[in-house]
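Morning, everyone. Please bring up the model on your screens, and I'll walk you through some pockets and some charged pairs.

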Amino acid sequence: MFDNMTQQQAKDQILEMVEQYCNTYHNQKRDFAEGQRIPYASRVYDSAEMCNLVDSALEFWLTSGRYTEQFEKEFAQYLDVKYCSLVNSGSSANLLAFMALTSPLLGDRQIKPGDEMITVAAGFPTTVTPAIQYGVVPVFIDVTIPQYNMDVTQLEAALSPKTKLVMAAHTLGNPFDLKAVKEFCDKHGLWLIEDNCDALGSTYTIDGETKFTGTIGDIGTSSFYPPHHMTMGEGGAVYTNNPLLHKCIRSFRDWGRDCVCASGQDNLCGHRFDRQYGQLPLGYDHKYVYSHFGYNLKATDMQASIGCAQLVKFPGFVKRRKHNFERLLAALACTEDALILPQPCANSDPSWFGFMLTCRDGVDRNKVVPYIEKCGVQTRMLFAGNLTKHPCFDQMRASGKGYRVIGDLANTDRIMNSTFWVGVYPGMTDEMIDYMAKVIKEAVKL
């Protein structure tokens with residue numbers, strides 16, 4: 001088949017066929033019919049992603065390579081940050097962001113076991129897991145309804161001499177009160193990690209300047225799991241404007257190495273064999289010198305290739321999410337006697353991940369949600385609800401050690417018992433949004 005072809009000509013022919021294949025067998029649009037399954041999230045892609053993926057596969061580099069470099073550069077440019085590190089998942093991004101702050105390179109600001117981290121229990125576990133596994137004590141504060149983000153009035157009560165950082169997610173795309181949190185962190189010399197995995201594309205105006213969430217604290221994280229704002233299948237990113245934190249992030253991501261050479265690269269610094277580190281002999285190969293107890297959290301170039309194509313589409317994704325949210329909000333305005341509708345944080349413009357709904361007194365979520373699901377609309381809880389109620393906390397709860405709680409987490413428990421959400425992903429049509437609204441209105445009348 002490839003006789004008398006150059007390698008590039010053969011590749012071009014393969015990619016042309018891949019494009020035709022994708023256009024023929026993927027993304028075949030169908031008119032929506034009532035009762036058709038509406039997922040809370042789904043991938044939105046076309047032949048550009050598939051051709052990039054095959055192009056990367058044909059190179060067979062497999063690990064991080066040119067697509068990774070391209071994505072990190074373009075993603076950093078989009079967010080207007082200096083440094084971006086691609087990783088294999090959003091959970092790994094959170095792990096990496098936290099572990100970077102444990103580096104001895106940070107001196108007095110190094111986080112150590114026994115220190116404390118202020119966070120919330122109403123969210124996803126991997127925002128908190130790295131701290132617990134390292135021996136840092138999470139201090140849980142409550143959240144507000146209907147913003148579903150940390151109650152900043154409890155920050156001072158959560159503070160102790162052991163507090164070193166605040167780490168929390170922007171819930172379902174809705175930014176938390178970054179002005180109040182940033183001022184609190186600056187006042188007390190605390191690190192701020194923004195878990196931006198559910199909020200990519202959201203913006204917040206602070207001190208007269210509008211910035212993307214994830215770029216206002218010390219470190220931001222993103223997830224590219226299929227339901228998220230954009231996808232690589234699996235994947236995540238860690239980003240910062242701080243060069244020292246970037247150095248720590250890269251080291252922890254790449255096995256804990258002291259060396260900064262990319263995969264397949266040697267002797268970038270020009271001193272591979274003439275330095276002395278730790279108690280190693282003089283001239284020990286710098287590529288195998290470890291300054292941290294690190295991991296291998298890199299993504300593959302195949303993942304990055306998909307991300308490069310997704311990033312081109314991303315501004316359109318954000319626009320459509322906002323449109324879908326506003327359409328659903330308007331359609332459900334008549335249900336406010338039964339449901340608490342979501343509200344954006346002041347000074348923010350959310351890139352909504354989902355549409356949160358809390359049942360008011362007298363409305364039973366255990367009746368509402370099954371009806372909605374029966375009608376073909378997929379729902380989700382707010383992840384853990386109250387993380388401290390889960391089996392993973394059983395031993396700590398029994399011992400009374402390992403975490404602290406400020407107040408009674410009343411709103412967190414209400415979310416656990418009465419809140420659910422539906423999707424607004426960019427593949428949804430107006431007909432799908434209108435049908436979801438119809439079903440939800442029917443459900444609250446049960």
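Which element gives the most residues to the lining of the second largest pocket? The answer is α3, with 6 residues.

Some ground rules. This is a predicted model, where local features need pLDDT of at least 70 and side-chain atom pairs count only at pLDDT 80 or more, while totals for chains, interfaces and linings use all residues. Residues are numbered from 1 along each chain as its sequence is written, and side-chain values use heavy atoms, with hydrogens and water left out.

Helices (H or I, at least four residues) and strands (E, at least two) are DSSP runs, numbered from the N terminus. A pocket is an open set of points on a 1 Å grid over the protein atoms alone, where a 1.4 Å probe fits, with protein on both sides within 12 Å along at least five of seven lines. Lining residues have an atom within 4 Å of a point. Volume is the space filled by probe spheres set on the points, which are joined across faces, edges and corners.

Back to the second largest pocket. It holds about 610 Å³ of space. Its lining counts 31 residues, and E72, R250, R253, V260 and A262 lie nearest the centre. Sort that lining by class and you get 10 nonpolar, 9 polar and 12 charged. Nonpolar means Ala, Val, Leu, Ile, Met, Phe, Trp, Tyr, Cys and Pro; charged means Asp, Glu, Lys and Arg; the others, Gly among them, are polar.

Now the largest pocket. Its space is about 730 Å³. Here 19 residues form the lining, with Q28, K29, R30, Y425 and G427 nearest the centre.

Next, salt bridges: a side-chain nitrogen of Lys or Arg within 4 Å of a carboxyl oxygen of Asp or Glu. The count is 25.

Two names return here. E72 and R250 form a salt bridge, 3.0 Å from N to O. E72 sits in helix α3 (residues 66–79) and R250 in helix α8 (residues 243–253), so this pair ties together parts 178 residues apart in sequence. Is E72 buried or exposed? Buried, at 11% relative accessibility, where buried means under 20% relative accessible area, exposed over 50% and partly exposed in between (1.4 Å probe, protein chains only). R250 is partly exposed, at 25%.

Another pair is E373 and R37, with their closest N and O atoms 3.3 Å apart. They are 336 residues apart: E373 is in helix α10 (residues 365–374), R37 in the loop between α1 (7–25) and α2 (47–59).
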